[in-house]
Amino acid sequence: MSEAGDSIVQFDNVGLRYGTDREVLSDISFTLYPGSFYFLTGASGAGKTSMLKLLYLAQRPTRGAISMFGHDLITQPRKSLPNFRRRIGTVFQDFRLITHLSAFDNVALPLRISGMGETEIQKPVADMLEWVGLSHRSHARPATLSGGEQQRVAIARAVIARPEILVADEPTGNVDPEMAVKLLRLFEALNRLGTTVVVATHDVHLLRKVPDSLIMRLDKGKLSDPTGALRYPPKRDIPRREVQP
Amino acid sequence: MALGPVIRRGSPRFGSSASRMLPQARIAGPMPWVIAIMIALTVMAAGAGLALSNVAANARAEIAGGVTVQVVEGAPSARERQAQRAVTFLTGREDVLSVRRVPDEELSALLEPWLGASISQSEAVPTPVLIDVRLSGPVTSRRLRDLRAELVREVPAARLDAQAGWLAPVFDAIRSLQYLAIGLVVLLALTSIAAVWLAARSALGSNRDTIEVIHHLGGTDGQIARIFQRSIGMDALLGGAAGLALGVGAMFVLGQQFAGLGSGLVAGGALSLLDWLAITAVPLAGVLLAILTARITVTGALRRML
Ligand SMILES: Nc1ncnc2c1ncn2[C@@H]1O[C@H](COP(=O)(O)OP(=O)(O)OP(=O)(O)O)[C@@H](O)[C@H]1O
Ligand SMILES: [Mg+2]
């Protein structure tokens, strides 16, 4: 795997089927480079969520090879996967907030999982809630939050531990255009700090808001890569966080 | 923008925050109460079993080598004479360790519950003289026969019995009760296991989402299992403590009532420190069982996820 040297994720002829159905993803091959910003688009049912599930390790492919952070994922023992997951931030399409925990405790979860002390947690979580505009709702349970507010809690939880890869499934589906742009700015800020971002979305307007982004298009389980930019991407100055003043 | 520093490796314990991962409303649930009742019943059954085995052991030790001589004679003066002769005869023998004539007051106190104070102290009902004799070595039937023959030649009104002999039916009854107690403890333990198992499974079922989310955020199986172990362990500890208090309370009340009977046999049933430790171990075993069940159930469910 010579080209995997500076890649962060590599898919090689990956296929996925649920049970004995036909493949929902076929012959998926691409390389993600650290510090890049990717949009994943495609019609409903094209397989966007399925592909993200492979990325956030909720699903193993039925065929093909995936490597991540320079390790072959297929042969990784199960007990080493939590360490991979902690390097990935995920915004689930259905949020998956823990219903009996407050917004604050939901956002704090990744930090607690990684063993941070209670006193260290307070400020970053409060800052993150302020960034997504939910300081005043930090004690609210998810059930008492609006759809857009829940989505912002889910996003805050995904980015709080500064993941190396951020995977977001329709992260702006439930918020107004203004908030969508604001959340996109959050992803860009994270991206500038070196995080590789993958955002699945229907919203074509969103794609134009991030000029440097690369676009992956799924069509009925096939990845179209007309320019070859995904398989053989143009060289970028990476990691970009080092060129920030 | 302030983003948290990144600590990612290993499987640190959640510590104090573990309690914030699961719903807090525990006491309201049936789990601690079910456990409390099971533990109380188990404690009582175990306590009764231990007390019975103490009664049996004490009595057996007391009467090993023991024979009882009764002097049954209607006329008080003749009875007294014969009794004294029996004591002299027995004291003189080499194979006799000790001879103790049970004082009349003790005897009438013993009989009082059955005959009433006025009657047992009057001469209306002639009571025999009892002599406790302790032989050196075990009491075989041959020794007993020889001794009896010699004694009766000397003291015609004397009757001699091995103490173990006339207590045999009592021992049998105690043994059956012990088996009953052991059976009860086993049945209760099995039911407790089932109850704890069901409770752990239902706790798991109603928190499946939580488990999945923590799993997806990089929580290890160990971390997730510990959250549940902690929560279910606390339930079991609460229930166990309440059950122990209930069971010990009931045993104490019963003990007082039996002590009121003033019988030496029942006093022999007093529990030793070791017995109390065994009884305290019942709720602790319950807690361990609950924790183990939680661990097995949770890790089993997690293994089915990637
Ligand atoms: N768990 C599953 N079991 C069986 N089939 C599934 C499962 N999840 C998804 N599918 C099927 O796989 C296909 C792709 O679904 P997926 O959720 O990846 O699409 P999507 O692009 O995310 O759609 P949307 O934009 O509506 O979220 C669909 O045909 C769907 O029915
Ligand atoms: Mg989807």
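**View 1. Pairing of strands E6 and E7 in chain A.** In this predicted model, Ile88(A) stands opposite Ile165(A), a residue of E7(A). E6(A) and strand E7 (residues 165-169) of chain A run parallel and are joined by four bridges. H5(A) lies across both E6 and E7 of chain A, and its direction makes an angle of about 175 degrees with E6(A).

**View 2. The open sheet of chain A.** Six strands make up this sheet, in the order E6-E7-E8-E3-E9-E10 (chain A), with mixed pairing. The edges are taken by strand E6 (88-91) and strand E10 (222-224) of chain A; each has a single partner strand, so one side of each is left without a neighbour in the sheet. On average, neighbouring strands of the sheet are turned by 20 degrees against each other, direction ignored. Helix H6 (residues 177-192) of chain A lies across strand E3 (37-42), E7 and strand E8 (196-200) of chain A. The angle between H6 and E3(A) is about 135 degrees.

View 3. Ser138(A) sits in the loop between helix H4 (118-131) and helix H5 (147-159) of chain A. Is Ser138(A) buried or exposed? Ser138(A) counts as buried because its relative accessible area is 12%, and buried means under 20%. Apart from neighbours within four places in sequence, Ser138(A) is in contact with Ser102(A), Ala103(A), Phe104(A) and Leu129(A). Val125(A) is 13 residues away from Ser138(A) along the chain, and the C-alpha atoms of the two are separated by 9.4 Å.

**View 4. Overall make-up of chain B.** Chain B has ten helices and four strands, which follow the pattern α-β-α-β-α-α-β-α-β-α-α-α-α-α along the sequence. Of the 306 residues in chain B, 39% are buried. The accessible surface of chain B is about 16,300 Å², and carbon and sulfur atoms account for 65% of that area. Among contacts in chain B between residues at least 6 apart in sequence, 85% join residues at least 24 apart.

View 5. An unreviewed UniProt entry lists residues 30-52, 179-200, 236-256 and 276-298 of chain B under "transmembrane region". In the model, residues 30-52 of chain B are 96% helix and 0% strand, with the end C-alpha atoms 33 Å apart. Residues 236-256 of chain B are 100% helix and 0% strand. The end C-alpha atoms of residues 236-256 of chain B lie 29 Å apart.

Conventions
Residues are numbered from 1 along each chain as its sequence is written. Chains are lettered from A and ligands numbered from 1 in the order in which they are written. This is a predicted model: local features need pLDDT of at least 70, side-chain atom pairs count only at pLDDT 80 or more; totals for chains, interfaces and linings use all residues. Side-chain values use heavy atoms; hydrogens and water are left out. Helices (H or I, at least four residues) and strands (E, at least two) are DSSP runs, numbered from the N terminus. Buried means under 20% relative accessible area, exposed over 50%, partly exposed in between (1.4 Å probe, protein chains only). Contact means heavy atoms within 4.5 Å. Accessible areas come from the Shrake-Rupley method with a 1.4 Å probe; for residues, only the protein chains shown count as cover. UniProt positions are given in the numbering used here, feature names are shortened, and annotations may be inferred rather than shown by experiment. Two strands pair if DSSP finds at least two bridges between them. Axes are lines fitted to C-alpha atoms, for helices over the stretch in contact, and angles run from 0 to 180 degrees between N-to-C directions.
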